[in-house]
Amino acid sequence: MAPAPAPQQKVDLREPRSWRRSKNRIVTTLMVLSFVLVIIPLGFVLFTVIVKGAPVISASFLTSSIPPNVLPANIGGIGPAILGTIEITALATVLAVPLGILGAIYLNEYGGNRPVARLIGFFADVMTGVPSIVMGLFIFSIWVLHFGFSGLAGAFALGCLMLPIVIRSTDEMLKLVPNSLREGSYALGATKARVTVTVVLPAALGGIVSGALLAVARAAGETAPLLFTILTVTTANPNVFSGANTSLPSQIFVNASSPYVGAQGRGWGAALTLIVIAFILMIAARLVTARFARFAR
Amino acid sequence: MSIVTPERQGRPAGSLTERRPLGDRGFQVLTLGAGLLVLVILVLIAVSTSQQASSWFSTEGTKIFSNDWNPAAQKFGALAFIYGTAITAIIALILAVPVSVGVALLLTQVVPYRWARPIVYVIDLLAVVPSVVWGLWGILVFAPWIQHIYSSIGSGVSGVPVLGPLFGPPASGASFFTAGIILAFMVTPIVTSLSREVVATVPAIDKEGAYALGATRLEMIRGVVLPHSQGGIVGAVLLGLGRAMGETIAAALVIGSSATITSHLFAPGYNMPSVIANEFGEATGVFRSALFGLGVLLFVFTIIINVIARAVVQRSARRGRGA
């Protein structure tokens, strides 16, 4: 937003080379510098993960079982961890997304300015700040102590993390639905539930889906809630409802603390896989948003 | 996550006592139940984890805040972890906040819209990198590299007052400071996007007024943007603080895992989430209860910080509208 130049001859009315203008330039440079400071670590991490992870990754790496840590990186793979991550994240999504959407519907369609709705909205915000490790401890104490380690317990912990995120993102999207759409349907004699399900939700669907995808991307990369809920074993466990399981992030955590080069190599491969999964989800979220933005016009 | 909430529009509110079809009322009850689930989960977290922690609280009493952590001798004083959490979070914020506010101002006040979008994408990418990947990179690549820098700084300031006790030897790659740096990377996207949201609400007419009086961009930012968005930025920083305190896995890998209280920032340390993550597997009895207790303390701290942050943001938003 620089001052607009005069249309014909360029007459610069500003003080020439004053301290004020130099200060302005210095601060602008500092702002650009701060962005550079953000790019450097990001570039470094992505570069390292790609350089160290890409040579490890192959079709057999993605599917074969996890070998003992001492073996070199070209033997074995992370198949069980990928399977576990897909199982647990999918189950968490099934648990948290519908509940989150329903909660957001209450906040936006029914609650209005009632105290209970304001309380729920406030604490949904606060819940996004609960550390993920506390969610792990919570599920350990109410579930794992009684029913043992399982993918389901991990899904509960991830679901607790996703729930407030889904509520908040859905709530934002429902707020954008114009009131005239609702009023039009009421005028046709529809009940409130019918208006919500057949008019309001479809109108906000794009935003809701993309918010849910971002919540899934966040959950897929979480390690702390899984440590005490799935136990991180090395064998594949296709049954998500019982028995200890494993996942990509917790496998990376185990490998990162291992002194063996082979295990570290597999850790880099798993890290690249995890980042690719997260990127795909993020890009999918953007595509959904773009698609629906066009559809809405 | 958004901290700027526009006022809700008035909608025809459903009353449960009204004569409406059963399915309609049922749906309302269903949505209310889903909303109340948030409160139920929060209460359950508090109750179930404190229950597990009760034997720590009862056997140690006030000694839970002592600086004596030795599981082998059944000593569970948590001061070192609280200290480590505070130190790493403060380092993270000192590094992350100026950068985040700088990027937020760059995005909203300096670059044109079509450049702002790619910059936002880059910041989002930073948020997408999972914390365990930061930890993996931190311990295998970053810590060995930065150890040399620590050593040279350490030998340079050794014996100098103030600087010596802070940055002097011992210099370890896995340390308070490394954990602080890694946490700063993870906090930056949050603080940036929240403060960008706040700064974007500054009315254009105020900014143009400042320019019309001949202000430079810096003077406009200091005179108009910052006073208007102060509260929101403070809220964003507090939310970043909550995140930095609770972030587990990256810190657990790079903090050095040593329960010590020292002014030496380059020395290995420990913080609350990482001791839970690293020790929980082997812990039983009072040890496990103590780790649960650390979780309870962490939960209470982050809840308090989040409540204050939301309150600060809401108050400043109200004042902003009123003015």
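Ala46(B) sits in helix α1 of chain B; helices are DSSP runs of H or I, at least four residues long, numbered from the N terminus. This is a predicted model: local features need pLDDT of at least 70, side-chain atom pairs count only at pLDDT 80 or more, and totals for chains, interfaces and linings use all residues. Residues are numbered from 1 along each chain as its sequence is written, while chains are lettered from A and ligands numbered from 1 in the order in which they are written.

**Ala46(B)**
- Ala46(B) counts as partly exposed because it has 16 C-beta neighbours inside 10 Å (20 or more would be buried, 12 or fewer exposed; C-beta atoms are placed from the backbone).
- Its C-alpha atom is separated by 28 Å from that of Gly180(B), 134 residues apart along the chain.

**Chain B against chain A**
- The contact takes 78 residues from chain A and 82 residues from chain B (C-beta atoms within 7 Å).
- Helix α1 (residues 22-60) of chain B gives the largest share of chain B's side, 20 residues.
- That side of chain B divides into 52 nonpolar, 23 polar and 7 charged residues (Ala, Val, Leu, Ile, Met, Phe, Trp, Tyr, Cys and Pro are nonpolar; Asp, Glu, Lys and Arg are charged; the others, Gly among them, are polar).

**Helices α4 and α6 of chain B**
- Helix α4 (residues 131-157) of chain B packs with helix α6 (residues 176-199) of chain B at about 140°, axes 10 Å apart.
- Contact residues include Trp134(B) and Phe142(B) of α4(B), and Ile182(B) and Phe185(B) of α6(B).
- By class, this contact has 7 nonpolar, 3 polar and no charged residues.

Conventions:
Axes are lines fitted to C-alpha atoms, for helices over the stretch in contact, and angles run from 0 to 180 degrees between N-to-C directions. Helices (H or I, at least four residues) and strands (E, at least two) are DSSP runs, numbered from the N terminus. Two residues are in contact if their C-beta atoms, placed from the backbone, lie within 7 Å.
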